[in-house]
Amino acid sequence: MAARKRASTNSSSSTQTTKPPKTQEAESPISAPKSGLILKLALFFSVPYFYLVLSHYKIEPELRNSILINAGLSLAAFFVTVKMIPVASRYVLRRNLFGYDINKKGTPQGTLKVPESLGIVVGVVFLVFSILFQYFNFTADSNWLVEYNAALASICFMVLLGFVDDVLDVPWRVKLILPSIAALPLLMAYAGHTTIIIPKPLVPYVGLEVWDLGWMYKLYMGLLAVFCTNSINIHAGLNGLEVGQTVVISCAILIHNIMQIGASADSEYKKAHAFSIYLAQPLLATSLALFSYNWYPSSAFVGDTYTYFAGMTMAVVGILGHFSETLLIFFIPQVLNFLLSLPQLSGIIPCPRHRLPRFDPDTGLLTGTNDGTLVNLFLRQFGRMTEKRLCVYLLVFQALACGFCFLLRYFLAGWYK
């Protein structure tokens, strides 16, 4: 099997791999994880997060203990993932699942074989430790156990379909259907409410304060899963961008959930947000482990397996935590990228096989093209820059979008809903 391009003619920029000339091909062992970077990121987030959990909010001891046990298992999942990625990389290289970095074409790094589809490691470790967590938190008659297992089934299904996509390179239009299939276990097992609260300014016009959507709510859940999964997949093309945006959004999700638990007196409402934390913490931990290999210069490519897994997990977290509106605001960069991509994805404007910037091997800088992606838009607006700097800009923009969501919720509290 040759070096793989993972998108068809109507594809997005969700890959960084192409096949260079067969001369000067180099086999590259996976490099050591970037431990210093991960330690800084972990401290930057964990200090304020655990301050909220342990000190700022008065959380019931039982609920706090469950969150801390889950955090401990997530930490273990981080170390297991760090150890397993080099092992898995050797196996995928043997099966010729590797790629070449387009954004380094023409340089020695552009000739290195980079192992593909290592998101499978993150997905498997996440599932194993999430299943183990049931032993510590759920009883056999727990009302949340059915939905928890349904959520894990959907995530597992998405990991499988993502890996199938990595191996078979399915057409882009088929990729839109895959999350719908993977979401079926969750949709069928969902027993929560199907109502939405009408914003207060609209109540006089609608005549209702609460509207029961019935089957339309489940349709909305399925569409949300499709959007989250594919939006992560198409906002890509740089070392560390796919995993980095997941890390930023996961941090925002965790802080949001803790704030909601601390501010509420409703036990069921607290359990819904705790449920979200139980999935978001291992997602963050395993993603940080992958980030240590995928950050620039990347020695491991995540594959569609990871982007599908991350998108489905965050969709499940938002659906079962009942904060899908907030989740969509966290996804503002992905929404913008989707809107920019829509003319090309729909065939109105010709769509090249890869919608990546142009790389100049002499200067090491990227130049934006006219393709409709946020990556190219940033380059057109801010000028040529290195891949690493561009990725930092995009991740800062992601963090600002999450911060804007918290400000928006603060100013609209009590007026909007």
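Colleague: What is the mean pLDDT of the chain?

Modeller: Keep in mind this is a predicted model. The mean pLDDT of the chain is 88, and 91% of the residues reach 70 or more.

Colleague: Where does pLDDT stay under 50?

Modeller: Residues 1-15 stay under 50, though the model still has 71 contacts for them beyond four places in sequence. The pLDDT is also below 50 over residues 17-27, and that stretch has 28 contacts beyond near neighbours in sequence.

Colleague: OK, on to helices. At what angle do α3 and α4 pack?

Modeller: About 165°, with the axes 10 Å apart. Helix α3 covers residues 119-137 and helix α4 covers residues 143-168.

Colleague: So are they roughly parallel or roughly antiparallel?

Modeller: Roughly antiparallel, because the angle of about 165° puts α3 and α4 in that class. The crossing of α3 past α4 is left-handed.

Colleague: Which residues make the contact?

Modeller: On α3 they include Ile-120, Phe-126, Leu-127 and Ile-131, and on α4 they include Leu-145, Tyr-148, Leu-152 and Phe-163. By class, the contact of α3 with α4 has 12 nonpolar, four polar and no charged residues.

Colleague: And how do α3 and α12 cross?

Modeller: At roughly 35°, with their axes coming within 7 Å. Helix α12 is residues 303-320, and its crossing with α3 is left-handed. Gly-119, Ile-120, Val-122, Gly-123 and Phe-126 of α3 meet Thr-305, Tyr-306, Phe-309 and Thr-313 of α12. That contact has five nonpolar, four polar and no charged residues.

Colleague: Let's zoom in on Tyr-308. Where is it found?

Modeller: Tyr-308 sits in helix α12.

Colleague: Buried or exposed?

Modeller: Tyr-308 counts as buried, because its relative accessibility is 0%.

Colleague: What is Tyr-308 in contact with?

Modeller: Leaving aside neighbours within four places in sequence, the contacts of Tyr-308 include Met-158, Leu-161, Gly-162 and Asp-165, along with Lys-175 and Asn-233. The C-alpha atoms of Tyr-308 and Gly-119 are separated by 9.2 Å, and those two residues are 189 residues apart along the chain.

Colleague: Last one: how do α14 and α16 cross?

Modeller: Helix α14 (residues 332-345) and helix α16 (residues 387-412) cross at roughly 115°, and their axes come within 8 Å. Ile-332, Pro-333, Gln-334 and Leu-336 of α14 touch Phe-397, Gln-398, Ala-401 and Phe-404 of α16. By class, that's six nonpolar, two polar and no charged residues.

Note on methods:
Residues numbered from 1 in each chain as written. Predicted model: local features only at pLDDT ≥ 70, side-chain atom pairs only at ≥ 80, totals over all residues. Heavy atoms only, no water. Axes fitted to C-alpha atoms, helices over the stretch in contact; angles between N-to-C directions. Helix = DSSP H or I, 4+ residues; strand = E, 2+ residues; numbered from the N terminus. Parallel < 35°, antiparallel > 145°, perpendicular 65-115°, else oblique. Left-handed = near helix turned anticlockwise from the far one by under 90°. Contact = heavy atoms within 4.5 Å. Nonpolar A, V, L, I, M, F, W, Y, C, P; charged D, E, K, R; others polar. pLDDT = per-residue confidence, 0-100. Buried < 20%, exposed > 50% of the residue type's maximum accessible area, 1.4 Å probe, protein only.
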